[in-house]
Amino acid sequence: MNFKNKDINIKRDKLFLAVVAIFISIYTSFSCVFFASACAGVREDVVRLHILANSNSEEDQQIKIKVRDALLETNSDILSEKVNADNAHIYFEENKEELLGVVLKTLRENGYYYNAQISLQKESYETREYGNLTFPAGEYLSLKVVLGSGEGRNWWCVMFPPLCVPAADDVKTDSEKTADYLSPEGVKIINSGEKYVVKFKLLELYEELMQKIKE
């Protein structure tokens with residue numbers, strides 16, 4: 001056996017594998033960058049409604065749902081298709097007293113006398129599924145409603161695009177509806193299902209790290 005030729009072949013194979021590994025690394029890096037950019041676009045375009053219950057008691061969880069339904073049944077502009085991520089602050093200032101009034105009225109009519117707070121702010125979320133859609137982790141603009149101490153389980157939906165319905169757990173949406181409001185890349189991301197599970201998890205870990213750095 002020609003050991004010299006064997007050594008040359010081994011070196012050639014190692015070089016080939018190294019080149020392939022580099023190309024895979026570059027492709028993966030660009031793929032992750034593109035994915036992260038598309039997710040950032042989703043977060044910039046979406047506005048969420050977030051309601052936190054006073055506690056996890058059955059009573060507090062039930063009144064949370066009644067408050068949710070009362071809010072979604074109001075004619076407030078901020079809960080309509082008029083609102084998007086760009087103009088939400090304007091509509092919030094115009095409608096916050098009405099929204100808070102709806103919340104407090106619902107609490108009082110049902111015998112609950114703790115206070116409530118409502119605000120429009122950036123909030124950090126983990127990767128969340130809404131019906132058949134998946135929303136990536138990160139900061140979203142949210143209409144946040146805190147009932148009492150706000151220490152109970154939360155309920156959330158998507159205000160914009162207008163996907164909020166009372167039966168949030170049963171909601172079924174499709175790409176045709178979201179395509180009216182989000183970019184093609186954004187629609188692809190939220191309709192990805194299990195395709196991007198690993199990427200969603202990596203993005204979640206990255207966002208957690210960014211939050212810790214900010215703190």
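Modeller: Start with pairing: two strands pair if DSSP finds at least two bridges between them. Helices (H or I, at least four residues) and strands (E, at least two) are DSSP runs, numbered from the N terminus. This is a predicted model, where local features need pLDDT of at least 70 and side-chain atom pairs count only at pLDDT 80 or more, while totals for chains, interfaces and linings use all residues. Residues are numbered from 1 along each chain as its sequence is written, and side-chain values use heavy atoms, with hydrogens and water left out.

Biologist: What makes β1 and β5 a pair?

Modeller: Six bridges join β1 (residues 47-52) to β5, and the two run parallel. The rule asks for at least two bridges. Within this pairing, L49 stands opposite L143 in β5.

Biologist: In which sense do β2 and β5 pair, and over how many bridges?

Modeller: Antiparallel, over 10 bridges, with β2 spanning residues 116-125. E123 has Y140 of β5 as its bridge partner.

Biologist: How do you know how far to trust the coordinates?

Modeller: By pLDDT, the predictor's confidence in each residue, from 0 to 100. The chain averages 79, and 67% of the residues score at least 70. Over residues 18-31 the pLDDT is below 50, and beyond near neighbours in sequence this stretch has one contact (heavy atoms within 4.5 Å) in the model. Residues 167-171 are also below 50, with seven such contacts. Where pLDDT is low, the predicted coordinates should not be read in detail.

Biologist: Why is β5 called largely enclosed?

Modeller: Buried means under 20% relative accessible area, exposed over 50%, partly exposed in between (1.4 Å probe, protein chains only). Nine of the 10 residues of β5 (residues 138-147) are buried, so the rest of the structure largely encloses this strand. For the chain, buried residues make up 40% of the 215 residues.

Biologist: What makes a set of residues a nonpolar core?

Modeller: Its members are buried Ala, Val, Leu, Ile, Met, Phe, Trp, Tyr and Cys residues, joined through side-chain atoms within 4.5 Å. The largest such core here has 47 residues. L107, F135, L143 and L147 have the most contacts inside it. Helix α3 (residues 88-109) gives the most to this core, with seven residues. Nonpolar side chains tend to be buried together in soluble globular proteins.

Biologist: Which residues does L107 touch?

Modeller: Leaving aside neighbours within four places in sequence, L107 is in contact with I63, V67, Y112, Y114, N115, A116 and L147.

Biologist: Why is R68 with D69 called a salt bridge?

Modeller: The rule wants a side-chain nitrogen of Lys or Arg within 4 Å of a carboxyl oxygen of Asp or Glu. The closest N and O atoms of R68 and D69 are 2.9 Å apart, so the pair qualifies. R68 has a relative accessible area of 10%, so R68 is buried. D69 has 21%, so D69 is partly exposed.

Biologist: What N to O distance do D77 and K82 have?

Modeller: 3.4 Å, so this pair meets the rule too. D77 is partly exposed at 25% relative accessibility. K82 is partly exposed at 47%.

Biologist: What does the salt bridge between K144 and E123 tie together?

Modeller: Their closest N and O atoms are 3.4 Å apart. K144 lies in β5 and E123 in β2, so the pair ties together parts that are 21 residues apart in sequence. Both K144 and E123 are buried. By this rule the count comes to five salt bridges.

Biologist: Is Q117 buried or exposed?

Modeller: Q117 has a relative accessible area of 56%, so Q117 is exposed. Q117 lies in β2. Not counting residues up to four places away in sequence, Q117 is in contact with K144, V145 and V146.
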